[in-house]
Amino acid sequence: MLLSLLTLFNPANNMAPALLSGLLFAFYPATYESSQLPEQPTAEQLVQAQHTIANAPACKATFTPLTDSSITLDDFGLSHLSNMSPVHFVNVWATWCAPCRAELPILVELGETIPASIDMLNLGDSPDIISKFAEQIDAPYELIGTPAPENILQTVNAQGLPYNAVFYGNQLIGTRNQAIHDGEQLGTCLVALHEVE
């Protein structure tokens, strides 16, 4: 049994990140009363977040605002995160994409300093390739190795990689179909969204 578990959670196993994330999620809510988990944002908060993404200088410089998108966290395979934090930043990347490789260290560093959820989804690389890249940028495999849904670029009508999206609750409110170069600006935007009341 122990050998089976070790084999299952070997980084070379394609299913390991998804299974580990599923196991963590399965146990995480059990440790809290449902009243302790963050509630979904109200309609008024969503409108305020959409106003922030469209008008706050750091957000305007980073994202194209959206007000009527039908894309949700579920389209990215991340619906289990919708009650964890009101603000979610999702990055879709691949090792063959030079702008992706350049922005990933910025996102990893930013994820350690801001209250928003930052999720990096890899599109199509093998676990071995992701592991080698993770070592190069000194990032945990678990942070950058979660696989993106295979057809995600078609689902979101992206022109290529990198693809960056910001959600408020479960609602897509802004996108950027190019690399993030200014981590401080992105951080300022995500914190402004997190402060929506």
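## A buried cysteine

Cys-100 has 0% relative accessibility, so Cys-100 counts as buried (under 20% relative accessible area; exposed is over 50%, partly exposed in between; 1.4 Å probe, protein chains only).

## Basis of the model

This is a predicted model, in which local features need pLDDT of at least 70 and side-chain atom pairs count only at pLDDT 80 or more, while totals for chains, interfaces and linings use all residues. Residues are numbered from 1 along each chain as its sequence is written, and side-chain values use heavy atoms, with hydrogens and water left out.

## Disulfide count and pattern

A disulfide here is a pair of cysteine sulfur atoms within 2.5 Å. By this rule there are 2 disulfides. Counting bonded cysteines along the chain, the pattern is 1-4, 2-3.

## Cys-97 to Cys-100

Cys-100 is joined to Cys-97 by a disulfide, S to S 2.3 Å. The torsion about this S-S bond is about 80°, so the Cys-97 and Cys-100 disulfide is right-handed. Cys-97 is buried, at a relative accessible area of 4%.

## Cys-59 to Cys-189

In the disulfide of Cys-59 and Cys-189, the sulfur atoms sit 2.2 Å apart. Its S-S torsion is about 105°, so the disulfide is right-handed. Cys-59 belongs to helix α4 (residues 57-60) and Cys-189 to helix α9 (residues 183-194), so the pair ties together parts 130 residues apart in sequence. Helices are DSSP runs (H or I, at least four residues), numbered from the N terminus.

Are these two cysteines, Cys-59 and Cys-189, buried or exposed? Cys-59 is buried, at 0% relative accessibility. Cys-189 is buried, at 0% relative accessibility.

How values were computed: Helices (H or I, at least four residues) and strands (E, at least two) are DSSP runs, numbered from the N terminus.
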